Amino acid sequence: MSNNLALKKGLDVPIKGAAKPEVIKTVSPDIVAVKPTDIHGLVPRLLVKEGDAVKAGSPVMADKQRPEILLTSPVSGTVQQIVRGEKRKLLAVLVKADAKQDYVDFGAKAPASAAETKDLLLKSGLWVSLIQRPYGVMASPELTPKAIFVSSFSTAPLAADSEFVLANALKDIQAGIDALAKFAPVHVSVRKGSCFAQVKNATLHEVSGPHPAGNVGVQISHIAPIQKGETVWTISLLLLAALGHVVNTGKLELTRKVAVTGPKAEKTGYVECLPGTPVKDITSVAEGVRVVGGDALSGECLGADGFIGLFDNQLTLLKEGVEREWFGWAKVFRPSVFSSSWCYFSWLTPKKKYNMDTNLHGGPRAFVETKCFEDVTPMDIFPIYLIKACLAGDIEKMEKFGIYEVLPEDLALCDFVDPSKNEIQAIIQKGIDLMIKEMA
Amino acid sequence: MAEEKKPWWHSTYDAFDTFLRVPGTVTRKGAHVRDGIDLKRVMIMVVVALVPAALFGMYNVGLQTSTVYGLEWGFWQMFFYGLLRMLPLFVVSYAVGLAIEFASAQIRDEEVNEGYLVTGFLIPLIVPVDVPLWMLALAVAFSVLFVKEVFGGTGMNIWNPALVARAFLFFSYPSSMSGSSVWVSKTWVPALKDVDAISAATPLAIAHDGAFDAATGAVGQYSFMDMVWGFIPGSTGETSVIAILLGGILLVWSGVASWKIMVSSVAGGLLVGWLGQLAGATAVPCYYQLVMGGFLFGSIFMATDPVTAAQTETGKWIYGFLVGALAVVVRLWNPGYMEGMMLAILLMNTFAPLIDHCVVSVHTSRRAKKAVNA
């Protein structure tokens, strides 16, 4: 392979509770939620009302500005409840699942042109799985991307092993790549020796290194940095396989293996379920435990009565770290707490995994140590300058310092390592939101 | 949930409370798990790194008094005299500085910042040991108020607060801060009550006056090894190269201070010292510049302050080099004042943002060019 990318900077967070590579149960949920909040940039307009019957693949809501973009039900059943939040914001549509699944038939046919692929993506509701960069929002159907990027692995803490999850879906993945290649060249990054290196019709990149080497944003910044005015799309391998499945069979089948991970998971392993499955059907959650949809760095708090999102194939269960530790910072040895800094002694036990909790381990301060950000950011940017430009809301500087290339997840480790406990990801997201508003 | 109204002293309470116990705050946004490191740990590492220099300095205070005044003290007598002599300086430095820190934190309604833990420890180590306590209090107050708090506290300041405290004393009370009679403590020794101060010039001053013996390599009565060990007059913390290097190793090891700044500062000092020797400005070999005066202490503990130093990695090389080079330029080509480290660091603190600006500009224009070519 010619395109090798060996990244040095970064950090693999040594957290306990990796999922064992076995399917521990298969869930056919009673209720499935369709959550428009999973998708950045979607303003939902409801297409169903309570009591309506839907099939797997039937539209449930559409985007207000671009009504051709649909969000479809992953399950066949009856709309049971429309959940709204403050100011009647649409939070979820709950579908009561039928015993026997009934699928909308999208026609098992490989799209012959970009227009046919687009049509299939829009109709099946999989359009929303295309993430557009810069800014990490839902892709716009009017734009043609410069390229499409897929990362075939994740380096995030305790992330699901894509080789285990999707090893049998190679045919679907290939069909998905073939369909997307009608839009633009597809780039797939793989780890050394990965089974996904067999895919055709795409440029392969072999990537090695610690987290965030698996982040598609980091890979793009090395393969073809995004410049002003350019657009690229990314799609997760999971949803790429789902697209390929639609191409191959005509059915929208989103069932996936979800990794149940984290120090507080009673039993780690993989659970087969649909997106929108209630958390409590997937795993039991004890009192004082936080359920994160996704990984421990960039995931979203779901709550014990929440539903797993469209993009997630991981749950991380963490203890709420409300207990206070006596003389924590002053202890010479603090074996229970991990620190990547050499001010502690975690470097003595490089293989050790830690029972991490959600304690902040300190109070918020102004920026003091900033080199730590560069050490975990394998991109050609100065993280601290970008962060400060975002804080200042300075569009021109944000542009100069690389706001087009990053999403909060790419700087998630800065959150982790910062001794001043700043919310770097939130700052970057605020900067991106400002860019979207000002550049629109 | 309504925010509980906090009492007016809550910052102070929080400071002591979180000093003893890690706060029970959990992550709300962003990464759900966090590294164990916090600013308290970072700052305490610097204090620990300063301990060898402080301990040796205390011993050396007694040693100098004993030697210069012919008192024939034993080791422990020397050490305890130094310890006793230094304690009030530490007490005043911390009491005044922390009082202002706590009050400012209260006014800004923030948590008390840990930065002063280091500053308060540094200041007594970089002033003559007999400096009157009221002067020290005034300098600390000036520096904490006008160099740190008005800018927004730790992390926001432009100049190193400890050095500004020293600069304040230096320019306001030069007779207590420079010359050859301030470096050896004689107050607090009853036997010396009516004895006139004996002048004991620092090697730097002696070298400045040209008393360098090329044959033995001695500066006045002090041999090169005296200077390496630190058996010479000077500010308390600055004399022992070995004690300072011990601290430096800890700082580099823990990653708290930048080795790039240390190395480039030493390189800058050596280069200019060598040029000075060639140009005939001094007879002293260039490596003597490292062991005399506050050069090494400044390079390792003061220039590397992450807040006031350059923040880009390339910038750190430039910044450190200029600190070292300028310090020796002041030493060699300045008739009035023989120690240049303090002013060199303060000047480079001023220019550090400019250095960073240039480094970042070069980087962004290179990125832009790459984009055009792509």
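In this predicted model, strand β3(A) runs antiparallel to strand β9 (residues 90–97) of chain A, and four bridges join the two. Within β9(A), A:K96 is the bridge partner of A:I31.

**The sheet in chain A**
- β3 and β9 belong to an open sheet of four strands in chain A, with the order β3-β9-β8-β5.
- The pairing in this sheet is antiparallel.
- β3 (31–34) and β5 (53–54) of chain A are the edge strands, and each of them pairs on one side only.
- In general, the strands of a sheet pair through backbone hydrogen bonds, either parallel or antiparallel.

**Confidence in chain A**
- The average pLDDT of chain A is 93, and 100% of its residues score at least 70.
- Strand β15 (residues 232–234) of chain A has the highest confidence, at 97.
- Strand β1 (residues 4–6) of chain A has the lowest, at a mean of 91.

**The two domains of chain B**
- Chain B is assigned domain 1 (39–187 + 215–256) and domain 2 (257–360).
- The centres of these two domains of chain B, taken over C-alpha atoms, are 19 Å apart.
- In chain B, 28 residues of domain 1 are in contact with 22 residues of domain 2.
- On the side of domain 1 of chain B that touches domain 2, the elements giving two or more residues are α2 (39–68), α6 (161–172), α9 (224–229) and α10 (241–254) of chain B.
- α10(B) gives the largest share of that side, six residues.
- The residues of that side of domain 1 of chain B divide into 17 nonpolar, nine polar and two charged.

Notes:
Residues numbered from 1 in each chain as written. Chains lettered and ligands numbered in written order. Predicted model: local features only at pLDDT ≥ 70, side-chain atom pairs only at ≥ 80, totals over all residues. Domains from an automatic or database assignment. Contact = placed C-beta atoms within 7 Å. Nonpolar A, V, L, I, M, F, W, Y, C, P; charged D, E, K, R; others polar. pLDDT = per-residue confidence, 0-100. Pairing = 2+ DSSP bridges.
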